[in-house]
Amino acid sequence: MYEVTRRDFFRVLGTAFAASSLASLSGTAPGFAAETDLSYRIKDAKESTSICCFCSVGCGGIASVVDGKMVAFEGDPDHPVNRGGMCSKGVSQFNMLNVYDPETGELTPNPNRLQKPMYRAAGGTKWEEVEWDWAIEKIAAKVKETRDATFETKTADGVTVNRTKAIAQLGGAGLDNEECAALSKLARAMGILYLEHQARI
Amino acid sequence: MTNHWNDMANSDVIVCCGANNAENHPASMRHINIARERGAKFIVIDPRYTRTASVADAYYPMRVGTDITLFGGLINYLLQNDLYNKDYVLNWSNASYLISDTFSFEDGMFSGWTEADGKKSYDKTQWSYQVESETEWDTSAGAPYAWAKGAGVPEFTPPKVKVIKKDPTLEDPRCVFQLLKKHFGRYTSEAVEQVVGISQADFKEVCELVASTSSDDKSLVWLYAMGITQHTYGSQNIRGLSILQTLLGNMGVAGGGVAALRGESNVQGSTDFGLLFDTLPGYLASPTEAIHPTLRAYNETETIHSGYWSNKPKFLVSLLKEYWGDHATVENDFCYDYLPKRDGNYSFLSIFEGMDKGQVKGMFCWGMNPAVGGANVNFERSAMAKLDWLVCIDLFETDTAAFWENPLVEGEKAQPENINTEVFMLPAKAHLEKQGTVSNSGRWLQWRYKATEGPGEARDDGEIMTLLIHALQEEYKKDPGPFADPILNLTWDYLDEHGEFDVRLAARAINGYSTADKSLLLNLSKLQADGSTACICWILSGYYNNNDAFDDPTAQPCGARDDSDQTVAGLQGGLRQYPQWAWSWPMNRRIIYNRASTFKDTGKPRNSDRVLVSWNGSNWDRNDVPDFGFQTAVMDPTTGQQAVDAEGKPINVGNAPEKCPGFFMTGELVARLYAPGMNDGPFPEHYEPMESPVDNVLSGTQNNPAALVFAESSKFGSRDKYPILCTTWRVVEHWQTGAMTRNAPWLAEIMPHMFVEISEELAGEHGINNGDKVEVFNDRGKIEVYALVTKRVKPLTIDGKTVHQIGMPWHWGRKGMATGAPANVLTYNAGDANTFIPESKAFLVDIRKVG
């Protein structure tokens, strides 16, 4: 026997409410009938829980994925902070991955997402697509060159300081904790003093 | 936050001042409305009639940047009318502490101001407590501080425990209570009206509502965000709130606290991990060459004599042990020398000053967009053009990554061919394309799971860091340069069998583990200063501690998803603490300082309807994890291990109330009404923003003397030339610099254009109609935006003069689907005296209609 879980209950309730209010607003019963022919978008989806990437309330969300593609993102009804609710930004986390093509209405990846490393040369007027290996090697060489040229091991008074004032690092509030831990460690290993992120502004 | 989002439902009064929570933290309203269904009152004090004001019980307009006067007026009202919580203040604050005779205050200046060697600052030693006696730590075998002299612990002289002179009658003129009363006696309701612009009748309403929560059975929570932090005295704004909440007895109680509504999904986490120039992970000071040249000096100056911070050497040694593993030994001070030592201020504003002067040559931006979000962005972008190289890691092309393509100065011509910065833009995965934890404002660490793969060649940030450290290690193996050891010896054991960054292995490093067998530590109480434990961030120890299911985040504390509202032990539950949903730092404690919810002597709850912890005669009943050492392990003398009962459970004995201090994260073990560690005075004092339409009427000192000010780059404008007070705010449809939301078609469509909100009165004076294009400008730059003429902002009468306030969102830039001018063209390079946050919330401008 199929058991209606709590989440299913909310889902069904929400859909019924949306459909009935649409019907009552438009007064077009045929429209309602047509809607019912469509299968649920998330019927065969694999669900996973997440936490919103925007403000710091930490609302829970559920991503629904079909064939490797996210087809829906909604509030998590079990989450004690938001109990299924989501603001306009929260639901638009969906757009960070996918958008609906304005011409065809088809679900496609967000065309503005970066997909390749890009490089802009000194004095250049455009981006060039580059390979990861090339970019990382070049960045590491830049870091070494700058760090080594400016590195201070001791002060005139003999205090060991092991630092560079020529490299700055910004950011972290959009990263996961485990990444923040690694990033903070990496910066200190490089000897970076100019280490800051969003909390300061 | 001292408390958390769900706990707002326990409040009797909710005040929003310096935030706009219905708009910017919408889910908060769910909990506030639950409180209101019970009869709670919700008020908003803000320069603008916000979306939050529109759903509040009352709204009071105020002038931007005058919060200290507002809070000072409330403090004065409580003290003058004897409406503070006397038992709480006497037992849980430093009200009775006596202060040195060298502390004084006159005409806006505290004692100890020195201007020597080009440095202007206060000598804080003049504000110290009067010390009655000093005692040594007991480090004998078996004593609480025996660890400090243990084998393998780096040598240091422990701090002396200072016993402070007190006057429990609170009548000594040198006691904190009397000094507080004197200091805030000047903040009368007349002064509030004159400075803040709230009428005395309105202010009385606010006072009465706030004071109604000083009884033990009532609580108030104060919501704030950048509205009160982005000032040259932002920290003192928060101090004002803390004093107020302490006087009311609202700290450490359900429905109370000060609620910082933080801006980013993981800005709590990134702060916890010390991605800041002045802190290492876990709020340990980052070392300075002057005070902390050696590990010994660090431990001797940083270890606090009492309270939990007395364990600081354990936290630092465990951090160093995680960073440099087997290379870190007691003989080499656990590689302490590897840490960079600072010699000045390296905060956000200083970065761009350093860049402008040619000191900073290269920069990384990990998901951050200073070309829109920083202060004075024309200056910042011009400074960025002096960089040799820039690396941006993001989901989308940001204004920062593409700074060379757009005009450096808003409104001028772009000249990419003249900019010689090499720029690398690396594609990152979004949160739904990887897994890991984020910490919300309420300190809850929550696991989020991977839903899909990322687009194209996008990689997650951990993987990008791994590529970078490996490439750097290769470079330094070839040529060690001046000092390669911190890079070559860095532990990076976060990779799975495929060589990919595995967040669970990073979680192990954060939670802490035994260096002997890499087993996860139970919690922070297991940390040691002898190198036997490794831990990146002591406050998070315990968030990922299940050794039986290491690979399974769902079986770890941070993956907990039991949404029933249960008790911790011995009580009814139902207090909306959700102890088994996610994990809250430290120790899964939901409300910090919760000992203060009880009476000091009896340990009985001050509010029997909202019991957090309660002494039952033999142990503590708990709806929350106690913020004190509430029990002691009973040792088995034969095994030397903790004794167990017949069922094999470890035996503990409850610690009676006299052994359980409150506020044990302070050295004083009480809340501070007087804070001698602040850079700009132990009490908050009203100053004007660096640009202000009026003179300071409370003293002859116009601005915070200790503020961080870069006058040259700030190009401060006069009130004659720029008479309008401007501030910034946000809209629900966009987020921060818009780097993500302006690339979301749904959001770009519903909130497409940058605008400025101006009053009907100001619009009338300038002949501006709703929807007109206007130019907002000062000496730092100009921006062209749409005018939104509204009743939501009103001119105020300040000290007999009409002051126009306007404001605008700051989400727009030139990249993305919805574009517009950045508001931060107009903000300046001056910051708070303690946190150095730029004063982005108050600046002067003028406005004119375009065309």
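I will talk about the domains of chain B, one helix pair within it, and its contact with chain A. This is a predicted model, in which local features need pLDDT of at least 70 and side-chain atom pairs count only at pLDDT 80 or more, while totals for chains, interfaces and linings use all residues. Residues are numbered from 1 along each chain as its sequence is written, and chains are lettered from A in the order in which they are written.

Chain B is divided into domain 1 (6-83 + 186-260), domain 2 (271-339 + 503-558) and domain 3 (708-849), with bounds from an automatic or database domain assignment. The centres of domains 1 and 2 of chain B, taken over C-alpha atoms, are separated by 37 Å.

Turning to the helices, which are DSSP runs of H or I with at least four residues, numbered from the N terminus, the axes of H3(B), residues 67-80, and H9(B), residues 234-247, come within 9 Å and cross at roughly 20°, the axes being lines fitted to C-alpha atoms over the stretch in contact, with angles from 0 to 180 degrees between N-to-C directions. H3(B) and H9(B) are therefore roughly parallel to each other, a term for angles under 35 degrees.

As for the partner chain, 134 residues of chain B are in contact with 102 residues of chain A, contact meaning that C-beta atoms, placed from the backbone, lie within 7 Å. Helix H16 (residues 461-478) of chain B gives the largest share of chain B's side, 10 residues.

Finally, strands, DSSP runs of E with at least two residues, also link the chains: S6 (residues 118-120) of chain A and S16 (residues 422-427) of chain B pair in the antiparallel sense over three bridges, where pairing requires at least two DSSP bridges, and A:Met118 stands opposite B:Met425 in S16(B).

Technical notes:
Angles under 35 degrees count as roughly parallel, over 145 as roughly antiparallel, 65 to 115 as roughly perpendicular and the rest as oblique. Two residues are in contact if their C-beta atoms, placed from the backbone, lie within 7 Å.
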